[in-house]
Amino acid sequence: MIIKNGNVADLSHRRQNEELIFDKASICNAIENNQFALYYQPQIDLPTGRVVGFEGLLRWQHPKHGIKLPEAFIPAAEQTGQIGQLTHIAIDTGFKFIEKLDPELSFSLNISDCSIKDKHLVDTLDSSCHAFHIDPHRIVLEFTETASLENPAHAEDILTQLNTNGFRLGIDDSVAGHYSLTQLEKMHFSELKIDKSLVATMEFSSKSRKSIISTIELADSLGIATIAEGIESNLEAIGLRELGCQLGQGYYFAKPMDEVNTLKWLEDWNKSLRLPT
Ligand code: C2E
Ligand code: MG
Ligand code: MG
């Protein structure tokens with residue numbers, strides 16, 4: 001060990017203050033030490049205030065650096081080829097969790113653009129449903145609008161297989177409208193998610209409102225549900241409901257929570273439904 005300008009105690013102090021590096025070795029170490037957890041954010045039926053399901057969102061609970069958000073480690077895991085392992089963790093943790101909930105409640109899972117190339121994705125989802133006694137119809141797999149750009153034929157094949165096996169498909173972060181009407185119909189998407197950037201600006205930007213309205217109209221014409229994410233106020237919840245958006249999710253209802261707090265939140269929410277009025 002070479003120590004310059006200091007002793008061992010200095011070095012260990014410096015290590016504690018070092019930035020967390022998001023590389024293959026640190027992600028591998030985190031997987032081995034069970035540091036990845038799934039947080040859950042409720043999804044609400046805007047007209048009735050009822051909880052319809054939860055979205056699972058990964059967190060890295062680092063013993064020294066605290067809770068790290070996905071934007072810090074998902075791109076790294078995509079680059080190092082470890083995203084498949086993180087998807088497996090999210091599937092197993094999420095399925096184990098929803099097995100305990102009312103079978104009417106759905107569970108949304110984010111699938112990275114890279115995972116659409118993973119030939120084990122369909123088998124993994126099928127076998128996890130089997131292992132945890134989950135009806136695949138409860139699962140909404142959220143893909144981004146760019147998931148099928150690289151290899152549209154392959155993406156279509158995977159999405160069709162997932163759909164045939166009973167999984168529901170959703171489009172996350174819908175802003176750009178990459179999917180055409182025909183693609184949406186052909187691939188049997190059942191949910192379109194309105195991006196939080198549109199929700200955050202809908203009050204003062206007519207462009208955002210128009211995008212939201214056209215997304216809802218497109219979805220309605222195909223019998224697809226719309227879900228708005230990033231709802232932070234009562235005003236946004238009411239505005240979206242008035243525009244015909246069926247479902248909503250955001251800090252106004254609840255922030256993503258760990259399993260224990262999610263169960264407590266659900267119990268409280270069910271006792272006193274809080275309708276946006
Ligand atoms: P996303 O799927 O679009 O998730 C919504 C993000 O918005 C989440 O950030 C959530 O915490 C945040 N959010 C929810 N409500 C509000 C709100 O009212 N206001 C604001 N400002 N933000 C809100 P998070 O958890 O940091 O996740 C970021 C992204 O990371 C996700 O975006 C998703 O693309 C990705 N991600 C999360 N978990 C996974 C995973 O298991 N696998 C993959 N491939 N990606 C994941
Ligand atoms: Mg999502
Ligand atoms: Mg989103």
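# Chatting through a predicted model

Biologist: Hi! Let's start with Asn34: is Asn34 buried or exposed?

Modeller: Asn34 is exposed, with a relative accessible area of 66%. Keep in mind that this is a predicted model.

Biologist: Thanks! Where does Asn34 lie?

Modeller: You'll find Asn34 in the loop between helix 2 (24-32) and strand 1 (36-45).

Biologist: And what about the phi of Asn34?

Modeller: The phi of Asn34 is positive, about 50 degrees, although Asn34 is not a glycine. For background, most residues other than glycine have a negative phi.

Biologist: OK, new topic. Which residues coordinate the magnesium ion (ligand 2)?

Modeller: Glu55 (OE), Asn110 (OD1), Glu142 (OE) and Asp172 (OD) coordinate that ion, at 2.0 to 2.2 Å. Along the sequence, these donor residues follow the spacing E-x54-N-x31-E-x29-D.

Biologist: What does the Glu142 and Asp172 pair tie together?

Modeller: Glu142 is in strand 5 (residues 139-144) and Asp172 is in strand 6 (residues 168-174), so the pair ties together parts that are 30 residues apart in sequence.

Biologist: Are those two buried or exposed?

Modeller: Both Glu142 and Asp172 are buried.

Biologist: What does Asp172 bridge?

Modeller: Asp172 bridges two magnesium ions, ligand 2 and ligand 3, and these ions lie 4.1 Å apart.

Biologist: Let's move to ligand 1. How many residues surround ligand 1?

Modeller: There are 21 of them, and the closest are Arg59, Asn110, Asp172, Glu232 and Tyr251.

Biologist: Which polar side-chain atoms lie 3.2 Å from an oxygen atom of ligand 1?

Modeller: One belongs to Lys196, and another belongs to Glu229. For Glu55, a polar side-chain atom lies 3.0 Å from an oxygen atom of ligand 1. The protein covers 85% of the 790 Å² of accessible area that ligand 1 has on its own.

Biologist: And where does ligand 1 sit?

Modeller: In the largest pocket.

Biologist: Which element supplies the largest share of the shell around ligand 1?

Modeller: Strand 2, with four residues. Strand 2 (51-62), helix 3 (70-80) and strand 6 each supply at least two residues of that shell.

Biologist: How far apart in space are Arg59 and Tyr39?

Modeller: Their C-alpha atoms are 6.8 Å apart, while in sequence Arg59 and Tyr39 are 20 residues apart.

Biologist: Last one! Where is Lys64, and is Lys64 buried or exposed?

Modeller: Lys64 is in the loop between strand 2 and strand 3 (66-68). With 52% relative accessibility, Lys64 counts as exposed. Lys64 and Leu20 are 44 residues apart in sequence, and from C-alpha to C-alpha they are 9.0 Å apart in space.

Technical notes: Residues are numbered from 1 along each chain as its sequence is written. Chains are lettered from A and ligands numbered from 1 in the order in which they are written. This is a predicted model: local features need pLDDT of at least 70, side-chain atom pairs count only at pLDDT 80 or more; totals for chains, interfaces and linings use all residues. Side-chain values use heavy atoms; hydrogens and water are left out. Donors are N, O and S atoms within 2.8 Å of the metal (3.2 Å for Na, K and Ca); water is not among the atoms, so sites may look incomplete. Buried means under 20% relative accessible area, exposed over 50%, partly exposed in between (1.4 Å probe, protein chains only). A residue is near a molecule or strand if one of its heavy atoms lies within 4 Å of it. A polar contact is a pair of N or O atoms within 3.5 Å; within protein, one must be able to donate a hydrogen and the other to accept it, and residues adjacent in sequence count only if both atoms are side-chain atoms. Accessible areas come from the Shrake-Rupley method with a 1.4 Å probe; for residues, only the protein chains shown count as cover. On a 1 Å grid over the protein atoms alone, a cavity is a set of points where a 1.4 Å probe fits but cannot get out, and a pocket is an open set with protein on both sides within 12 Å along at least five of seven lines; lining residues have an atom within 4 Å of a point. A molecule sits in a cavity or pocket if more than half of its atoms lie within 2 Å of its grid points.
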